[in-house]
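Biologist: Could you take me through this one, term by term? I'd like to hear what sits behind each label.

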Amino acid sequence: MQTLTINKNRLEQKINALSQIGKIAETGVCRLTLSDEDRQAVETVKQWMEEAGLTTRIDHFGNLIGRLEGENPEVPILMLGSHIDSQPYGGRFDGVIGVLGALEVVQTMKEQNIVPSMPIEVVAFSDEEGCRFNKGLFGVRGILGKLEDGELERTDKNGITRREALIHFGCDPTELKESEYPEGRIAAFLEMHIEQGPILEAMDTPVGIVTGISGPLWLTVELEGFAGHAGSVPMPMRKDALVGAAKIIVALNELASADSSAPTVGTVGSMNIFPDSRNIIPEKVSFTVDLRDIDIDRRHTIEKQLRASIAEITEEHQLVYKITEDTNSEPRYCSERIMHVMREESKQIGLNPIDLMSGPFHDSLAMSYVCEYGMIFVRCKDGISHNPKEFSTIEDISLGTELLYRTTIKMASE
């Protein structure tokens, strides 16, 4: 194993410092997109970028962008990054190591007097997580001109629209076009991320090379029955929306679990009940469905079966239902060329990374539609993520960052 080129201690200090912004419990983070905590984190990383010699800007989507100029400023850029917003009950490493690792890469390049042939941009994308407005990858889709109608009017649990949140953050939603990148402007995207799964740990391997990202389907299901007194309406006469929801949730679980050899996953993670009273039969229930698979045909089949189950269950319980599609992405595969570079550079530092798929989606998913992309995964303890117990060692993160550094140099010198 060769000595690290990147500065492990500096990287660790930044990760620790950022974890104090929006800190919850001993090791957790709550840094919701476009919140005051998010703004403080963005300003902090912006300052670090400037100290490293990058020119910085915060665009109208809330993305933080730091630029290292290349020998040829006009050629398409190499982009590195991830996100620093978190889940409401999140950890210190999700997204963060991809942004701070990328910053460490360009800071080390500056110190080593390496001038890339192309410009390099380090980006902390706004709202990758999607938990506040129930639709993620906002900042990255924004710069690519891929936002959908009505996205600025989506509201959080307090009724605040994304438009209002952007304005509060200091952005101008009327100027979003200004922040879009012209087609062909981005040559490639590299993202380092914690694995958020148990495979690397099980294989006793610190770093993995990602081969592709599963396609997520996000639905919102709304059921409507009829409210009544919990003590007086006989069971056969009830139109209980929550009972219907419970049966649909079990059906999803069974469909996603049917083939134990498949990587299919199905989750209901958020639910609203009205009137939400102990002694009233629930009249309205809405809940989210998250269905993912690397095999798009299998996912389509399960979705079809789920929709049939919903129709059947709601008819049985005399409920009215509505299904809204929030996100629908096909699986996206990583660039063979970039994976080859990563494998070759791994050999130079004595790493033997394994290939693995990503179940979670990342900013790379959106980037895959406009340019080549590559991802590096870093081992995380027990595969835990979206939880304050999320943990990766600085040793593993540093190895991932060293691979990112070497891959970046190779790609930026071509």
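**From a loop serine to a helix**

Modeller: Let's start with Ser-126, which is in the loop between β6 (120-125) and α4 (138-143). Helices (H or I, at least four residues) and strands (E, at least two) are DSSP runs, numbered from the N terminus. This is a predicted model, so local features need pLDDT of at least 70 and side-chain atom pairs count only at pLDDT 80 or more, while totals for chains, interfaces and linings use all residues. Residues are numbered from 1 along each chain as its sequence is written, and side-chain values use heavy atoms, with hydrogens and water left out.

Biologist: Why is Ser-126 called buried?

Modeller: Buried means under 20% relative accessible area, exposed over 50%, partly exposed in between (1.4 Å probe, protein chains only). Ser-126 has a relative accessible area of 4%, so it is buried.

Biologist: Which residues is Ser-126 in contact with, leaving aside its neighbours within four places in sequence?

Modeller: Contact means heavy atoms within 4.5 Å. On that rule the list for Ser-126 is Thr-33, Leu-34, Phe-61, Gly-62, Asn-63, Phe-138 and Gly-139. With Phe-61 there is also a distance to quote: its backbone oxygen lies 3.1 Å from a polar atom of the Ser-126 side chain. A polar contact is a pair of N or O atoms within 3.5 Å; within protein, one must be able to donate a hydrogen and the other to accept it, and residues adjacent in sequence count only if both atoms are side-chain atoms.

Biologist: What makes Arg-141 and Glu-151 a salt bridge?

Modeller: The rule asks for a side-chain nitrogen of Lys or Arg within 4 Å of a carboxyl oxygen of Asp or Glu. Arg-141 and Glu-151 meet at 2.6 Å, N to O. Arg-141 lies in helix α4 and Glu-151 in the loop between α4 and α5 (162-169), so the pair ties together parts that are ten residues apart in sequence. Both Arg-141 and Glu-151 are buried.

Biologist: And how do you know that Lys-322 forms one with Glu-222?

Modeller: Their closest N and O atoms are 3.9 Å apart, and the pair counts as a salt bridge. Lys-322 lies in strand β13 and Glu-222 in strand β9, so this pair ties together parts that are 100 residues apart in sequence. Glu-222 is at 33% relative accessible area, so it is partly exposed. By this rule the count comes to 27 salt bridges.

Biologist: What is the span of α8 set against?

Modeller: The expected span is 1.5 Å times one less than the number of residues. Helix α8 (residues 296-316) has 21 residues and reaches 30 Å from its first C-alpha to its last, close to the 30 Å expected.

Biologist: Why do the buried residues of α8 line one face?

Modeller: They fall within an arc of 105° seen down the axis, so they line one face of the helix. That arc is taken over the directions from the helix axis to the C-beta atoms. Among these buried residues are Ile-302, Leu-306 and Ile-313, and they pack against β9 (215-224), α7 (241-257), β12 (284-293) and β13 (320-328). The face turned away carries exposed residues, including Asp-297 and Lys-304.
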